Amino acid sequence: MERFHSIAILVLLLVTAPAGAQTSVNDARQGLAAGDFATVESIIGGLSETALETRDFSELRDFYGALFVTANSDRFAQQGAWLAAYPDSPFAAAALAWTHFHRADLYRGTQFVGRTSREAMAAHREELFLSKDMVRRALSEDPNFVPALDLSIVLAQYLGGQAMVPAIVDHALDVAPDRHTLTLGLAALSPMWGGGFGEQLSLCKDAIDRLAEFDEEACLIYITFGSRHGGELRQRALAALEQSDDDFLDFARANAYLNEWREKPEAAEESMRILMATLGPNVSIDHFDSSLRTIAFLFKQPFFEIEAEEALLETLRERLPDDPQNYRILGRILTSMFDLVRPGDGPDQMEEANELWRAMLVHGAYLPETWRAGERLEGYQGNSARPALIGPYKVNQIYYSNHSPAELGSYLVYLRQMHKLASESDPLPPWATLSDLGDGVVLCPMFRAQRLYEHICDYRPDDPGCDGSAWNTEDTMGVKRIMTSADACAWERTAPIEELAFEPVPVSHFLSGDL
């Protein structure tokens, strides 16, 4: 079953801006912060004019990616003030369009729809339509402004407008006849988004004569690897890739070296080189981590794994000032801290970790992984065996996963452990009080979770979370025996199952200071 994979990174920006672009970014960043929007307009106008003259739009795209594919409340407010000061500016409208799109991508997460909360989906859709409105506004002022044209292709993909993609790409290629424009269209017509190989190939053939840097073989390779086609098509693409030395197709080589080409003598070295080349402000963290694990396993490269991990973290920390509320960056940095921070460490380390987690809540509150990170952070502060404190994190993991059996099973394991602690420890450990382990925070939630888990797994027995590995049979039978003989928790034991569904604990609870 496919998870939802963000294409925001592929879309615009494997941003590794050249020195000139970085100077423009720094000047515009300062202009935005100072409210000097005339300077920002002048910088973008100059970049756009140069790009149109040279037909090289990479610096303009890099500029937008660095500054506006961001989750940054301060920057977002500056962009709003910029548009208010220059209401007819296609530059300001396109900037907000990309920011809204990035926020939409963050709200959506990567899980398939059945594991994504309705709140996440609603926020995702709202941001997408705000992005669409801004793109329309930008293109109404300048139909040839490339950052807006790029995003119009992407939004057609996200909002079910695949039928419009060929026409949009045709116009975009008149302005920006490069393979970046074409590959946006190819991604939009991927079978994963309702398109097909035939539509992709047709788009390629129509565009090839307008591109000096792309031919039919490159099209075949890009379509096959980019859209994960298999079978005979992949074999043809692999044969074509053997004959190509185009760096643009390194993403395909990386995939081949980790699969069919893993026995080639250069496989390890090339895999490592290509992976490190993907580092940049908008690096795909999940893809980088997954590829790194595979490389380390296949080619026995533990020292490279350490080197690459350090390089990734350095890249993310450099990106954080521009993208400070991107929970993917924050969560990855926090995970690395968990490997270094130990329970009882000093207040400075824990305060930094807590600040990172609180920033994750801005766009990640609707996702279970944010609440897992918060729970883990509580554990590092010595609170793992305090169910009154841990319970709200568990509840939000359950709710925002749409009551996933895996999350329910995890809560059951935890509560069963706490119940054993309360019933079998005499005296209780010094960190556990009777109120910590009382019926209201252990026994009753355990009964509730058990009934929900059993009901959902009866309905969806093939769900991976229902395979019995979430918790063992002894615990399952133990909870049932306790519930059968219990007098406490009458509502949890007898209420109609639909009434037992958990409701989310509001973010304010975790920020109240009363935890």
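Select Ser-131 first: it sits in helix 7 (residues 118-141), where helices (H or I, at least four residues) and strands (E, at least two) are DSSP runs numbered from the N terminus. Ser-131 has 0% relative accessibility and therefore counts as buried. Buried means under 20% relative accessible area, exposed over 50%, and partly exposed in between (1.4 Å probe, protein chains only). Show its surroundings: not counting residues up to four places away in sequence, Ser-131 touches Ala-97, His-100, Phe-101, Leu-151 and Leu-155. Contact here means heavy atoms within 4.5 Å.

**Before moving on**

The model is predicted; local features need pLDDT of at least 70, side-chain atom pairs count only at pLDDT 80 or more, and totals for chains, interfaces and linings use all residues. Residues are numbered from 1 along each chain as its sequence is written, and side-chain values use heavy atoms, with hydrogens and water left out.

Colour by pLDDT, the predictor's confidence in each residue from 0 to 100. The protein chain averages 89, and 89% of the residues score at least 70. Now select residues 1-19: pLDDT is below 50 over this stretch, which has 52 contacts in the model beyond near neighbours in sequence. Where pLDDT is low, the predicted coordinates should not be read in detail.

**The whole chain**

Zoom out and switch to cartoon. The protein chain has 26 helices and 0 strands. Of its 515 residues, 54% count as buried. Among contacts between residues at least 6 apart in sequence, 67% join residues at least 24 apart. The accessible surface comes to about 23,200 Å², and 52% of that belongs to carbon and sulfur atoms. These areas come from the Shrake-Rupley method with a 1.4 Å probe; for residues, only the protein chains shown count as cover.

**The core and Trp-82**

Select Phe-63, Tyr-64, Trp-82 and Trp-357, the residues with the most contacts inside the largest nonpolar core, which has 154 residues. Helix 6 (residues 90-108) gives the most to this core, with 11 residues. A nonpolar core is a set of buried Ala, Val, Leu, Ile, Met, Phe, Trp, Tyr and Cys residues joined through side-chain atoms within 4.5 Å.

Centre on Trp-82. Leaving aside neighbours within four places in sequence, its contacts include Leu-32, Phe-37, Glu-41, Phe-68, Phe-91 and Ala-95. Rings of Phe, Tyr and Trp (its six-membered ring) pair if their centres lie within 6.5 Å; planes under 30 degrees apart count as stacked, over 60 as edge-to-face and the rest as tilted.

The whole structure holds 24 aromatic pairs. For one of them, select Trp-357 and Phe-510, an edge-to-face pair 6.3 Å centre to centre with 70° between the planes. Trp-357 belongs to helix 19 (residues 347-364) and Phe-510 to helix 26 (residues 507-510), so the pair links distant parts of the chain, 153 residues apart. Both Trp-357 and Phe-510 are buried.

Trp-371 counts as buried because its relative accessibility is 1%. Beyond neighbours within four places in sequence, Trp-371 is in contact with both Trp-357 and Phe-510, and also with residues including Tyr-393, Asn-396 and Tyr-400. Gln-397 is another contact of Trp-371; the two are 26 residues apart in sequence and 5.8 Å apart in space, C-alpha to C-alpha.

**Two lysines over rings**

Select Lys-264 and Trp-261: the charged end of the lysine sits over the ring, 5.1 Å from its centre. Then select Lys-300, whose charged end sits over the ring of Phe-297, 5.1 Å from its centre. A charge sits over a ring if NZ of Lys or CZ of Arg is within 6 Å of the ring centre and within 35 degrees of the ring normal.

His-229 is in the loop between helix 12 (216-226) and helix 13 (231-242). At 14% relative accessibility, His-229 counts as buried. Its contacts, leaving aside neighbours within four places in sequence, are Pro-191, Phe-197, Gln-200, Ile-223, Thr-224 and Arg-234.

Go on to Asn-402, in the loop between helix 21 (387-399) and helix 22 (405-424). Asn-402 is not a glycine, yet its phi is positive, near 60°. With a relative accessible area of 31%, Asn-402 is partly exposed.

End at Cys-489, in the loop between helix 24 (473-485) and helix 25 (490-494). Cys-489 also has a positive phi, about 60°, although it is not a glycine. Is Cys-489 buried or exposed? At 9% relative accessibility, Cys-489 counts as buried.
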